[in-house]
Amino acid sequence: MSEIAVMAEARKDIGKKAKQVFKQGKVPGIFYGHGQANIPIAMAELTLRPLYRSSAASVINLKLDDGFTHSCILRDVQFDPITDRPVHFDLFGLNENEELTIELPVTVKGIAQGVRDGGILQHILHRVRISCLPKNIPDRIEINVESLEINKSIHVRDLSIPNVRVLENETSTVVAVVPPTVLKEAEAVPGAIPAEAATAEPEVIGKGKKPEEGVEEGGKEGATGKAPAAGKAPAAAKAPTAGKAPAAEKK
């Protein structure tokens with residue numbers, strides 16, 4: 001495991017007075033450990049940044065302004081939900097004869113065979129909890145996936161780390177290669193009704209009054225609605241009876 005040396009100062013201003021630390025461009029924190037006294041500390045934000053942004057775990061050699069040096073690891077960092085700047089951090093002191101629990105980052109090496117064949121690599125478990133002595137802490141857990149084929153996966157039980165106990169569920173999947181998802185359009189079936197036709201509304205035949213005789217549709221006057229029978233002429237107007245004059249008008 002790699003080591004990194006950082007400088008910090010013992011902090012006397014605690015509680016509400018800790019706000020003064022931010023004005024100085026520093027972040028308040030705490031150093032603690034089994035059998036060790038808690039020490040409030042402050043560290044420059046630029047010094048703290050590489051510790052939580054690193055993709056590898058590191059042993060920190062903490063040098064305080066009182067002249068003491070402590071071996072520790074970064075246990076936790078709290079961030080402001082609005083600015084995303086660190087507002088507090090925890091450093092845990094190490095005892096070379098005492099096992100500790102720590103989370104290690106998981107990295108993937110190589111290009112999986114399944115990816116070459118068109119599959120998709122899924123990195124599911126990005127950090128793994130382990131327990132070991134400080135001297136046996138690895139920088140990271142690196143997995144070679146070059147031989148991983150489609151529909152194959154690597155589980156926690158497949159990890160082999162010397163002098164380290166893995167604390168995760170052994171059936172948990174770390175990485176897997178899955179086949180690509182392809183959406184195929186439904187093939188047209190002969191004689192099937194198209195979707196547009198199936199969803200179209202049927203034409204409704206209105207039930208209204210028939211046009212009156214002698215009036216065409218649209219309001220135009222014209223012939224009656226029925227045509228005369230074939231071979232028959234329209235009936236003539238009845239003429240008065242011969243030999244009889246019309247009755248004289250009564251005065």
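A residue is called buried when its relative accessible area is under 20%, exposed when that area is over 50%, and partly exposed in between. Lys152, with a relative accessibility of 46%, therefore counts as partly exposed. Please keep in mind that this is a predicted model.

**Around Lys152**

Lys152 belongs to strand S11, which covers residues 152-155. Which residues does Lys152 touch, leaving out those up to four places away in sequence? They are Ala176 and Val177. Val177 lies 25 residues from Lys152 along the chain, yet 5.8 Å separates the C-alpha atoms of the two.

**The chain as a whole**

Stepping back, the chain contains four helices and 13 strands. It has 251 residues, and 25% of them count as buried. Among contacts with a separation of 6 or more, 62% are between residues 24 or more positions apart. The chain has an accessible surface of about 18600 Å², and carbon and sulfur atoms account for 52% of that surface.

**Two aromatic pairs**

How many aromatic pairs does the structure hold? There are two. In one of them, the ring centres of Tyr32 and Phe92 are 5.6 Å apart and the ring planes meet at 75 degrees, so this pair is edge-to-face. The pair links distant parts of the chain, with Tyr32 in strand S2 (residues 26-33) and Phe92 in strand S6 (residues 86-93), 60 residues apart. Are Tyr32 and Phe92 buried or partly exposed? Tyr32 is partly exposed because its relative accessibility is 24%, whereas Phe92, at 9%, counts as buried.

The aromatic pair of Tyr52 and Phe79 is edge-to-face, with 5.2 Å from centre to centre and 80 degrees between the planes. Tyr52 sits in helix H2 (residues 45-53) and Phe79 in strand S5 (residues 69-79), so this pair ties together parts of the chain that are 27 residues apart in sequence. Tyr52 is partly exposed at 23% relative accessibility, and Phe79 is partly exposed at 35%.

| Residue | Relative accessibility | Class |
|---|---|---|
| Tyr32 | 24% | partly exposed |
| Phe92 | 9% | buried |
| Tyr52 | 23% | partly exposed |
| Phe79 | 35% | partly exposed |

**A buried serine**

Next comes Ser131, which is placed in strand S9 (residues 127-132). Why does Ser131 count as buried? Its relative accessibility is 5%, and the cut-off for buried is under 20%. The side chain of Ser131 makes a polar contact of 3.1 Å with the side chain of Glu99.

Finally, which residues make the nonpolar surface patch of about 260 Å²? Val108, Ile111, Val115 and Leu121 do. One of them, Val115, is found in helix H3, which spans residues 113-116. With a relative accessible area of 30%, Val115 is partly exposed.

Technical notes. Residues are numbered from 1 along each chain as its sequence is written. This is a predicted model: local features need pLDDT of at least 70, side-chain atom pairs count only at pLDDT 80 or more; totals for chains, interfaces and linings use all residues. Side-chain values use heavy atoms; hydrogens and water are left out. Helices (H or I, at least four residues) and strands (E, at least two) are DSSP runs, numbered from the N terminus. Buried means under 20% relative accessible area, exposed over 50%, partly exposed in between (1.4 Å probe, protein chains only). A polar contact is a pair of N or O atoms within 3.5 Å; within protein, one must be able to donate a hydrogen and the other to accept it, and residues adjacent in sequence count only if both atoms are side-chain atoms. Patches are made of residues with over 30% relative accessible area and no salt bridge: like charges are joined within 9 Å, nonpolar side chains (Val, Leu, Ile, Met, Phe, Trp, Tyr) within 5 Å. Accessible areas come from the Shrake-Rupley method with a 1.4 Å probe; for residues, only the protein chains shown count as cover. A salt bridge is a side-chain nitrogen of Lys or Arg within 4 Å of a carboxyl oxygen of Asp or Glu. Rings of Phe, Tyr and Trp (its six-membered ring) pair if their centres lie within 6.5 Å; planes under 30 degrees apart count as stacked, over 60 as edge-to-face and the rest as tilted. Contact means heavy atoms within 4.5 Å.
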